[in-house]
Amino acid sequence: MRLDPGFEEFVEARSVALLRTASLLVGDRGEAEDLVQTALLRTALKWRRARDHPEAYTRQVLVNLARDRWRRSRRRVAEQPLNPVTADPVHGDHANAVVNQQAIQHALGLLPQRLREVVVLRFFDDLSVADTAAAMRTSQGTVKSQTSKALAQLRQILGAHDTNTTEAHHVR
Amino acid sequence: MSDDDFVTEVRGALRLGVADLTASPSLLPTLRRRHARQVAARRVAITAASLAVAVAVGGVAATAGIGPSGPTHEVRDAAVITDQVAGAMDGAGRSVVFITVTETGVGKVSTPDEPAVWNHWYRADNTAVRTQVLVDGQPVWDEGTDLDRRTTTTVDHRQRTWRSGPFLVRAGDATGDMITPAGIRQAMAGGRLTIVGEGELVAGRPTIHLRGDGIAHSGDPMGFWVDRTSHLPIRAEYRRGDSWQPPFDLTWLPPTEANLANLTIPIPAGYSRQG
């Protein structure tokens with residue numbers, strides 16, 4: 001039984017975006033490729049149900065797979081030490097941008113799984129609260145509260161770096 | 001820094017971090033292959049239902065060869081086996097047959113930490129089949145097909161939804177991957193059915209093991225173990241590629257009200273209908 005042409009078009013159009021989302025959800029590019037492949041396979045097998053909203057369907061599967069992976073790995077992200085990252089004002093805005101990017105991505109990896117999901121879905125995928133709730137299979141109220149919590153934790157993790165460097169060397 | 005500014009910075013950082021990531025060119029070819037394998041594997045739920053009926057109705061004969069001195073001992077035994085199985089199946093046509101298979105690893109439903117149990121029930125007269133999938137003892141998916149009326153009902157317990165509609169078969173694929181008596185006869189006539197030998201004990205019962213090609217519509221080779229006492233097939237197997245898949249057992253249940261009820265899917269209260 002062949003893949004539906006509509007599904008193949010969907011894969012060609014959106015697999016990169018899904019891969020990038022998966023990479024941010026699990027923090028590992030190799031794992032992200034496996035997850036995206038599995039999620040797309042499940043979408044293909046349920047194409048009749050998924051074809052009206054394939055990306056939303058696949059994203060929901062991806063979130064579940066990422067959670068399964070997290071449970072299996074039992075990673076205690078809070079226990080991972082944060083490498084202190086400080087900007088060197090001598091190198092200016094570009095260096096600050098790179099440092100900020102790395103610091104933020106590192107901070108993302110330190111968040112608990114659900115907070116990480118809400119950051120990736122809301123601010124990387126730019127999903128609405130409603131669509132984020134659907135992807136995470138939770139309520140909109142929970143998404144809002146977890147968004148606030150996630151931002152607060154990110155600020156806390158970034159801590160002195162955020163206060164000392166971002167105000168002085170604002171990154172656009 | 002305001003929340004808006006902070007969010008903008010977070011957004012920018014995340015996008016920059018994965019901007020170089022691209023999909024592998026082998027993604028779609030890999031999906032095509034895996035999809036084809038999964039679809040074939042799903043059909044076990046329905047094709048297994050026809051296996052026992054086809055064995056009895058179509059008859060089974062070993063093709064040990066006919067030498068110049070006449071049929072061999074194996075061929076004579078195969079003829080006896082065929083009659084016995086056919087007779088047993090005719091008598092058990094109203095039975096409910098039960099199969100259970102455990103899916104492990106990253107499967108259609110299972111994950112490495114959570115195997116999925118696939119339970120199948122079907123009428124031995126091939127009029128109804130039901131598949132229920134459980135994870136950690138809880139049902140996650142339930143599908144039943146009335147093969148006479150060609151309707152299918154599906155319940156998704158995770159989504160709390162259900163739907164019911166025609167059991168669709170595409171043109172040119174009318175028999176799906178089901179084993180038919182005709183398929184068995186063709187395999188027999190074409191010399192593609194063989195007695196493997198005395199089988200292992202299945203549920204404490206001595207068996208005879210047989211295998212054949214071209215029985216299923218897909219052409220996948222199949223095997224089955226026939227109970228020497230009841231003459232019913234009580235174990236079956238499929239071959240995919242170069243390897244035989246793990247066999248699964250068939251339990252024959254009398255057509256009591258309780259056993260027949262297993263073919264009906266209950267729709268839980270509060271579930272919404274789809275489609």
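Within the predicted model, B:Gly197 has B:His209 in β10(B) as its bridge partner, strands being DSSP runs of E of at least two residues and helices runs of H or I of at least four residues, both numbered from the N terminus. Strand β9 (residues 193-202) of chain B and strand β10 (residues 205-212) of chain B run antiparallel and are joined by seven bridges, where pairing requires that DSSP finds at least two bridges between two strands. The two strands form a hairpin with two residues between them, and B:Ala203 in the turn has a positive phi of about 50°. On β10(B), an antiparallel pairing over six bridges is also made with strand β11 (residues 222-227) of chain B, in which B:Trp225 stands opposite B:His209.

B:Asn259 lies in helix α6 (residues 257-261) of chain B and counts as buried because its relative accessibility is 15%, buried meaning under 20% relative accessible area, exposed over 50% and partly exposed in between (1.4 Å probe, protein chains only). Leaving aside neighbours within four places in sequence, B:Asn259 is in contact (heavy atoms within 4.5 Å) with B:Val96, B:Leu253 and B:Pro254.

The predictor gives the complex an ipTM of 0.79 and a pTM of 0.47. Residues are numbered from 1 along each chain as its sequence is written, with chains lettered from A and ligands numbered from 1 in the order in which they are written. In this predicted model, local features need pLDDT of at least 70, side-chain atom pairs count only at pLDDT 80 or more, and totals for chains, interfaces and linings use all residues, while side-chain values use heavy atoms, with hydrogens and water left out.
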